Amino acid sequence: MKRMLIAAVALLTVLAGQASTTLPIQGKVIPADDSHIQYVGRICFQNPQRPRFTFPGVQINARFTGTSLRMMAKPKSGYFMAQIDEAEPFKVSFMSEADSVVTLATAMQRGEHLVRLMYVVEGYELKPEFRGFVLDKDGTMLDAPTLPERTIEFIGNSITCAYGNESVKESDHFEYATENHYYGYAQMTARALDAMAYVVARSGIGVYRQYGGPKTGTPQNVMTTEYEYTNLYDRSERWDFSRYQPQVVCINLGTNDLSTNNYDVKLFQQAFYRFVSQVRSHNPKAKIVLLTGSMMNGPELEVAKKTLDQLVEDAHKNGDMEVYRFNFTPQTGDLFYGADWHPSIWQHQKMAGELTAYLRTLMHWF
């Protein structure tokens with residue numbers, strides 16, 4: 001994950017997390033609807049100057065000239081990872097009530113630069129908004145970078161979100177500060193494959209019931225419902241699936257459905273069949289890979305494997321030969337645990353290595 005600073009940014013001073021909220025803003029303001037800014041992920045542009053999003057993994061990229069760069073967002077939007085040129089990525093906080101303008105870089109050499117931003121937490125409670133950049137007074141925006149041709153969609157739960165992966169004790173509980181999707185298996189896999197990734201994931205979600213939900217299910221708070229919308233718990237905009245057609249969809253669900261020893265196997269199976277059919281209807285040309293997460297073990301893991309294996313077999317019998325199966329190695333604690341027994345960063349690295357190798361072969365991405 002480490003990268004060497006290149007000469008062009010040798011003088012870069014990172015001031016991540018340090019905010020300036022005093023107005024008027026000094027410098028050239030670049031609004032969020034500037035045509036040079038590149039967006040990746042499920043984002044609502046109903047107000048183009050304040051695009052909003054809730055899923056982790058949303059990316060905002062831009063090329064610019066100048067010696068400094070500041071970012072504008074709604075206060076308490078959450079955490080982003082930022083990378084300037086090829087320098088080391090760093091975390092940016094918009095968690096204060098006053099944070100609205102944060103300095104990303106200063107004292108850079110004059111010339112062209114590239115900023116990559118990724119939203120790395122679950123934002124359905126925070127309701128984040130991106131509001132643009134601030135450049136030097138003589139700075140300019142340049143054409144956006146070229147996006148990768150390889151495309152993936154990750155659908156999942158807290159494991160895909162990277163819940164608590166920056167924590168070091170399983171006794172820790174959820175905090176935004178210790179969830180970092182950038183270092184989760186999904187984004188590490190995408191980077192290893194030089195692929196673009198859209199993410200639809202939330203902690204606690206399942207296909208027929210959320211974590212700890214009743215045995216009969218929670219139909220309003222499951223992925224079959226949320227998958228249809230641009231943002232979580234926001235019914236104002238249905239997602240336009242024509243905006244992104246991935247070449248491969250990775251579905252990592254089931255851990256919450258089979259949690260707390262209060263599940264109905266038949267309802268779980270029926271819901272998973274329906275959801276795969278739903279995903280297929282929106283992504284007719286994609287390969288679909290059904291994953292078992294690394295947190296399951298014992299009878300729950302066996303139920304998940306049996307269900308998904310049978311689902312693939314039935315899909316093939318019905319003529320859909322592009323549905324596949326992949327099992328992560330269950331975690332054992334040898335790579336430590338994150339918060340609430342979730343995968344640690346080291347476990348995510350292992351998962352990414354396993355999935356990267358599988359997808360490289362499946363997709364012929366060599």
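Modeller: This is a predicted model. A helix here is a DSSP run of H or I with at least four residues.

Colleague: What makes S158 a helix residue?

Modeller: S158 lies in α1, which spans residues 158–161.

Colleague: Why is S158 called buried?

Modeller: The cut-off is under 20% relative accessible area. S158 has 7% relative accessibility, so it counts as buried.

Colleague: What does S158 touch, beyond residues up to four places away in sequence?

Modeller: Y163, R202, S203, G204 and H342. Each has heavy atoms within 4.5 Å of S158, which is what contact means.

Colleague: How do you know that α4 has the span expected of a helix?

Modeller: Helix α4 covers residues 265–282, 18 residues. The first and last C-alpha atoms are 26 Å apart. At 1.5 Å a residue, 26 Å is expected, and the span is close to that.

Colleague: What makes D264 a cap for α4?

Modeller: One of its side-chain oxygens lies 3.0 Å from the backbone nitrogen of K266. The limit for a polar contact is 3.5 Å, so this pair is within it. D264 caps the N-terminal end.

Colleague: Which α4 residues are buried, and what do they pack against?

Modeller: F268, A271, F272, F275, V276, Q278, V279 and R280 are buried. Their packing partners include the strands β11, β15, β16 and β17. Helices α3 (223–226) and α5 (298–317) are also among them.

Colleague: How do you know that β15 and β16 are paired?

Modeller: Pairing takes at least two bridges. β15 and β16 have 4, and they run parallel, so they pair. In one of these bridges, V248 is partnered by K287 in β16. Both strands belong to an open, parallel sheet in the order β12-β11-β15-β16-β17. Its edges are β12 (195–201) and β17, each pairing on one side only.

Colleague: Why are β1 and β7 called edge strands?

Modeller: They sit in an open antiparallel sheet ordered β1-β9-β4-β7. β1 (28–30) and β7 (101–105) each have a single partner strand, so one side of each lacks a neighbour in the sheet. Inside this sheet, β4 and β9 pair over 5 bridges. R70 stands opposite V134 in β9.

Colleague: What is the confidence like, and where is it below 50?

Modeller: Mean pLDDT is 93, and 93% of residues reach 70 or more. Residues 1–22 are below 50, although that stretch has 53 contacts in the model beyond near neighbours in sequence. Where pLDDT is low, predicted coordinates should not be read in detail.

Terms used. Residues are numbered from 1 along each chain as its sequence is written. This is a predicted model: local features need pLDDT of at least 70, side-chain atom pairs count only at pLDDT 80 or more; totals for chains, interfaces and linings use all residues. Side-chain values use heavy atoms; hydrogens and water are left out. Helices (H or I, at least four residues) and strands (E, at least two) are DSSP runs, numbered from the N terminus. The expected span of a helix is 1.5 Å times one less than its number of residues. Buried means under 20% relative accessible area, exposed over 50%, partly exposed in between (1.4 Å probe, protein chains only). A polar contact is a pair of N or O atoms within 3.5 Å; within protein, one must be able to donate a hydrogen and the other to accept it, and residues adjacent in sequence count only if both atoms are side-chain atoms. pLDDT is the predictor's confidence in each residue, from 0 to 100.
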